[in-house]
Structure formats: structure tokens, C-alpha cells
Amino acid sequence: MVAPTLLQFVPNDVIANNYLQTDFYLKDVLCYRKIEKMVTGTIPPNLKFDASEGKAKNWSLLRHCCFVSCFTMLSDKDFKDGFLDPNIVEKLKKGNVDKDGNKVDRPFITINAKNRPKLLNELCKQVGDYLKDNSLKGSGLFAKDVNYLNDEDYKKAELYEENNITKINGIFINNDTKMISRSSITDTLLQSILYFLYLVKPAYFEDQREYRVGLTLDDPIDANELFIPIHDLRKYVKVHKSQDINNLRLGDV
């Protein structure tokens, strides 16, 4: 999928209608590091929370260093008889839950495949300016789909990156957390570590079809959320009411 259409549920209509008007919202990725709870009633697991987020077996990096905005990827083939496949709709609803894992109905925004590269190009420039203006060093903006691995491959990758974390130079914060010092020698190794921590998940989560837009910082900041000021980019976004997910057409996104 070269240029997927992106979908994201948001908390309420006000946020939906003002999406990317004055700021770009990013959340500390480790906020998703929770044990997944069952949704109230008989609905299956919600697939929203991942206890392994930002971890490699017994090791972790610091909080407040990676901030992301998470989307679901859709392609033309996901639309059957003109409408979004009902099976995909149900899978999307699994992740549409509150912080306690209870099902909620929320509006959503979509960014079609044609607009996605243009929007990301604009965001990349504006986020880069923000980081420079605030003397924040790090990866700059990244936009990548999550890689899902079967249990055996995931465990192999996890062990490999855990070993990388233990041997790379850095400061130990506590028994399971390390602050890595960047240098020309460690950058390549660090890139591999960060990719696993933030862009690789067990196959269990594959129904998320997740696409992440985010950034990593060299040093932690005292915040769970980033509101990065931007110029109005709403022209690249379409807003939908919560019930629209049940009869979403390809031409609607």
C-alpha cells in the first residue's frame, strides 16, 4: 500500500471540526502501555492497549521521548459494493474505546490517499520549524505503517533489540529504563532499537492496520501530550459523524 487512506477517531465533534486548524496533536506513545481490558459486556477485546509498547522484553526507554498520532490504513479494496466492508467496520469499533476500555461512539476524520503525501510534506516542514524554534533535537517527523510479526519472529526481534539496548552507551535511570546517549556511532543502532520499540507489534494487533505519524526526541520533556502550532491544514481532511462509519463510501473519504 503505497499511499493509504487514513482514518482516525477523535474524542468529540469540536476536535473533529477543528482538526489541524491551529495545532497538530501528538501523544506520548507509552500512554498506550496498558494491559488490555475487555470492553463492557460481551464485545471482544478492544485492541487499543499494548503492554509491550516501547519495551524490548526487560528493557525500556524513557517516557516523554516519543509522541505519535495513530491512524487506521484503508485501501480501495476495503470497500465492498461501494461501502466500507462491515468486517472492517467492526474491527475499527474494537479500538474505539475510552481509557478504561469501554466502548464509545466518536466522530472521525479521514485523509484520502491523494491528500496524504501533500499533508505529510506540509506537516514535516512545520514540525521541523517547531523543533528548531524550541531547540528540540530528535528524529524529526516520521510517518510509517506498523510492522506486525508472528509470535516467533516478534520474540526473536525483541531479544535482538534488548541486547542492543544493554550494550549501547547510556545512563541507567532505574532497573529497566535506560537513557541512551546519541552519537555518530550509536545512531544506526538506535534507529533499529526505536523502530522495534515504536513501529513493531505482535500479530495479535494486526487488525489495527495502524499507521503512525510522530517524532522521537533525544531528551525527554515534561509532557504527555504535544500541541504543535501549525498553519491551517484542514483542506486535506474530511470530517465524519460517528454513525457514518456504518455506511462509509469510498467517495466519502
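## Exercises: a cavity, a strand residue and some salt bridges

Leu 6, Tyr 19, Leu 20, Phe 24, Phe 71, Ile 111, Leu 119, Leu 120, Leu 123 and Val 213 line the second largest cavity. This is a predicted model, in which local features need pLDDT of at least 70 and side-chain atom pairs count only at pLDDT 80 or more, while totals for chains, interfaces and linings use all residues. Residues are numbered from 1 along each chain as its sequence is written, and side-chain values use heavy atoms, leaving out hydrogens and water.

**Exercise 1.** Describe the second largest cavity by its volume and by the classes of its lining residues.

*Solution.* Start with the term: on a 1 Å grid over the protein atoms alone, a cavity is a set of points where a 1.4 Å probe fits but cannot get out, and lining residues have an atom within 4 Å of a point. Next, the volume, taken as the space filled by probe spheres set on the points, is about 50 Å³. Then sort the lining: 10 residues are nonpolar, with no polar and no charged ones. Here Ala, Val, Leu, Ile, Met, Phe, Trp, Tyr, Cys and Pro count as nonpolar, Asp, Glu, Lys and Arg as charged, and the others, Gly among them, as polar. Finally, helix α3 (residues 116–133) gives the most to this lining, with three residues; helices are DSSP runs of H or I with at least four residues, and strands are runs of E with at least two, numbered from the N terminus.

**Exercise 2.** Is Thr 110 buried or exposed, and which side chain does it join in a polar contact?

*Solution.* With a relative accessible area of 0%, Thr 110 is buried (buried is under 20%, exposed over 50%, partly exposed in between, with a 1.4 Å probe and protein chains only). The partner is His 240, and the polar contact between the two side chains spans 2.7 Å (a pair of N or O atoms within 3.5 Å, one able to donate a hydrogen and the other to accept it; residues adjacent in sequence count only if both atoms are side-chain atoms).

**Exercise 3.** Where in the chain do Asp 78 and Arg 209 lie, and how close do their N and O atoms come?

*Solution.* The closest N and O atoms of this salt bridge are 2.8 Å apart (a side-chain nitrogen of Lys or Arg within 4 Å of a carboxyl oxygen of Asp or Glu). Asp 78 sits in the loop between β5 (66–74) and β6 (79–80), and Arg 209 in the loop between β13 (200–202) and β14 (210–216), 131 residues apart. Asp 78 is buried at 6% relative accessibility, whereas Arg 209 is partly exposed at 25%.

Methods. On a 1 Å grid over the protein atoms alone, a cavity is a set of points where a 1.4 Å probe fits but cannot get out, and a pocket is an open set with protein on both sides within 12 Å along at least five of seven lines; lining residues have an atom within 4 Å of a point.
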